[in-house]
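Okay, thanks for coming, everyone. Let me put the structure up, and then we'll walk through it together.

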Amino acid sequence: MLLIGALLLPGCGRDKVKPSEDYVLSQKVFESINTIREAYLSKSRYTLKNRIEDPLSGSIINALSFKKAELSFNQRLIRISDNTVKVSVSWQGSWQLTDDRDFNNRGVADLIFNKETLKLSGMSGDNPFVLPEMKN
């Protein structure tokens, strides 16, 4: 009995499952999205410049004219190709301007990342980093 137990015991151990390359890449992209979001909310021009390719970084940095903002993302779908990673997100945001006017907006966008650098290189759909148009 002890001999049978000794032979079966090593077979019962659990092997660690190594995550796939796509899973690891998607987690890194999600981290990058969160870093960009936090940099936008704190108006960290340096981080935005380092995480977003030109000219997109310039247009986002130029739109940092708010007093305070909140922005949240919900990832819906991720598509990985040879050179890019495209993440479809829904987002919600609220902005307070320096004159204490408040604006809210929401939308859906595709955030396109360079697969090698993990920098945001493009965007389609509703841009979450632009203040909603002011309506009188």
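Before anything else, one term: when I say buried, I mean under 20% relative accessible area, while exposed is over 50% and partly exposed is in between, with a 1.4 Å probe and protein chains only. Now the ground rules. This is a predicted model, so local features need pLDDT of at least 70, side-chain atom pairs count only at pLDDT 80 or more, and totals for chains, interfaces and linings use all residues. Residues are numbered from 1 along each chain as its sequence is written, and side-chain values use heavy atoms, with hydrogens and water left out.

So, the overview. We've got 4 helices and 4 strands; helices here are DSSP runs of H or I with at least four residues, strands are runs of E with at least two, and both are numbered from the N terminus. Reading from the N terminus, the order is α-α-α-α-β-β-β-β. The protein has 136 residues, and 32% of them are buried. The accessible surface is about 9300 Å², with 51% of that belonging to carbon and sulfur atoms; those areas come from the Shrake-Rupley method with a 1.4 Å probe, and for residues only the protein chains shown count as cover.

Let's go pair by pair. Strand 1 and strand 2 are joined by 13 bridges, in a hairpin with 3 residues between the strands. If you want landmarks, I78 has V87 in strand 2 as its bridge partner, and E70 has S94. Strand 2 and strand 3 also pair over 13 bridges, and there S90 stands opposite V108. That hairpin has 4 residues between its strands, and D100 takes a positive phi near 65 degrees in it. Then strand 3 and strand 4, residues 120-125, pair over 5 bridges, with I112 bridged to G122. The hairpin there has 5 residues between the strands, and L118 has a positive phi near 60 degrees.

Now the inside. The largest one has 30 residues, and Y40 and L48 have the most contacts inside it. Two or more residues each come from helix 2 (21-42), helix 4 (56-62), strand 1 (66-80), strand 2 (84-97) and strand 3 (102-114). Contact means heavy atoms within 4.5 Å. Setting aside neighbours within four places in sequence, L48 contacts I36, A39, Y40, S57, I60, I61 and L64.

Not counting residues up to four places away in sequence, I60 touches Y40, L48, I52, M123 and F129. I60 and F129 are 69 residues apart in sequence, but their C-alpha atoms are 6.1 Å apart in space.

Last stop, two buried polar residues. S32 in helix 2 has a relative accessible area of 1%, and a polar contact of 3.4 Å joins its side chain to that of R51. By polar contact I mean a pair of N or O atoms within 3.5 Å; within protein, one must be able to donate a hydrogen and the other to accept it, and residues adjacent in sequence count only if both atoms are side-chain atoms. Beyond four places in sequence, S32 touches R51, F113 and L118. And D110, over in strand 3, counts as buried at 17%. The D110 side chain makes a polar contact of 2.6 Å with the side chain of S88. Okay, that's my tour.

Definitions and conventions. Core = buried A, V, L, I, M, F, W, Y, C linked by side-chain atoms within 4.5 Å. Pairing = 2+ DSSP bridges.
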